[in-house]
Amino acid sequence: MVKKTTLVVLLLSPWVLGATLTVDSGAQLSLVSLTDLNEFISLVNQVIAAVEDRPDVEGEVSPLAPLRNGVGLVLGEALGDGIAFGARVALGSWESATTGVWTYEGVECPVSLSLRAELLAVEGQLRFEVVPGLLSLGMAAGWGMVNLDYSCSFETPPDWGLAWQPQLMETTFRATGPVGEVSARVLLPVGFGLSFGVEAGFRLADLGVPRAGDTPLDLDGNGEGEKLELTGLWLGICVKLAFAL
Amino acid sequence: MKWKTLALIGAVSLALFLTGCMDKFQMKPPEALFALRPAEGTAPLTVTCDGSLSFDEDGKIVEYIWDFGDGSRGLGPIVSHTYETGGTYRVVLEVFDDQGLSDRRETQVRVDFPPPVPRFSYTPWRPGTGEPIRFDATASESPNGDIVEYRWSFGDGEWDTGAVVEHRYWYGGGYPVTLTVIDDAGQQATLTQVVEIQGGPGCYTP
């Protein structure tokens, strides 16, 4: 083991010595569509609207906001000048929730529903300096894991038969799969190897249908399952530190 | 080397973008959603089926087809249907959008059988102690079909079965005679009348 490590270090040393190590971190705003989950949200909102339209129901439950904009963090490192190789870790989170109480003939019907998707992606990255120190393009590929936390308590007036209601449960569904992204970064060097900048990218995350044990995510109950489509654009701000080795 | 890397990043970017956008160009089917009011009750039960909760994200719904589960069907976003007999019925709504895509959803309506109607008469009108009394429940009826069982309780600890029965009381007074009828749907109903027996000591205090 020691011999192998020594060999790798010796082989890499001509390339590493004199190269630049960059460490960067940033905050991201991810814009995704999450089509399947948003269809589920539309169904929930239709049920909420239908109950609230009833004159014999009092109280208010706000509709769920569509899952589109998420926030995230990214931490990366890369080694090389001009063309740099490295690794990065990205975290993202998307959330929508509602809560409230309906009152029907003096009986309270509490409602609480929340959806929270969290993505963790570990990727290898390649960065290419188009304008050294100022503009770079990058691509990354790796593996991602997403957790979807679903929590629902949903009571409707008992005299009304709705053909569908959100499932009452509190479960975490999980999916894993390949992720990849491309990005462009514009930096403003402020000295001592420190730069601030903005970046934009496009992430492809093919994570399929999440599962909780053997149970696939099928919130709308149509038997087809919901995919977590975390593919989309992201915008971010970043800080980069460069060290000459 | 630099230009090859740049071209590689460009090609990957384009491929990722096109793959990621593929879903956006696909047409989405409508979502069928409806409410029944009421969803359970006693026959005959008229149910309002409201399919106007259905929606289509990228178009509009042009057709609503209902299957009420009792052999009849309906069209339109909001329809009413009457279930004449008891049972559990599967109601299915299928909606079609203007792109020809469809979705269906189903739920159940529980219709309870109505109870039978017990009726009985007795002769003679003012019976005396020891006198045979004829109780006749053949006027009883059931909207669910036939009455399959008649049970009598004569209020003196005696009981009998049958549509027409005979009974004697050995002491005067008022006796609560109870008839229970059961129909072939398993529904039952009870009727009680007080029969006054002339002569002898009384045995019934209301």
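Trainee: Why is Arg185(A) called buried?

Mentor: Its relative accessibility is 2%. Buried means under 20% relative accessible area, exposed over 50%, and partly exposed in between (1.4 Å probe, protein chains only). Arg185(A) at 2% therefore counts as buried.

Trainee: What should I know about the model?

Mentor: This is a predicted model, where local features need pLDDT of at least 70, side-chain atom pairs count only at pLDDT 80 or more, and totals for chains, interfaces and linings use all residues. Residues are numbered from 1 along each chain as its sequence is written, chains are lettered from A and ligands numbered from 1 in the order in which they are written, and side-chain values use heavy atoms, without hydrogens and water.

Trainee: What makes Asp24(A) and Arg185(A) a salt bridge?

Mentor: The N to O distance is 3.2 Å. A salt bridge needs a side-chain nitrogen of Lys or Arg within 4 Å of a carboxyl oxygen of Asp or Glu, so the pair qualifies.

Trainee: Where do the two residues of this pair lie?

Mentor: Asp24(A) is in strand 1 (residues 20-32) of chain A and Arg185(A) in strand 8 (residues 170-191), 161 residues apart. Strands are DSSP runs (E, at least two residues), numbered from the N terminus.

Trainee: Is Asp24(A) buried or exposed?

Mentor: Buried, because its relative accessibility is 3%.

Trainee: Why is Glu95(A) called partly exposed?

Mentor: Its relative accessibility is 48%, so it counts as partly exposed. Arg116(A), at 29%, is partly exposed as well. Their side chains meet in a salt bridge at 2.9 Å, N to O.

Trainee: How many salt bridges are there over all chains?

Mentor: The count comes to 18.

How values were computed:
Helices (H or I, at least four residues) and strands (E, at least two) are DSSP runs, numbered from the N terminus.
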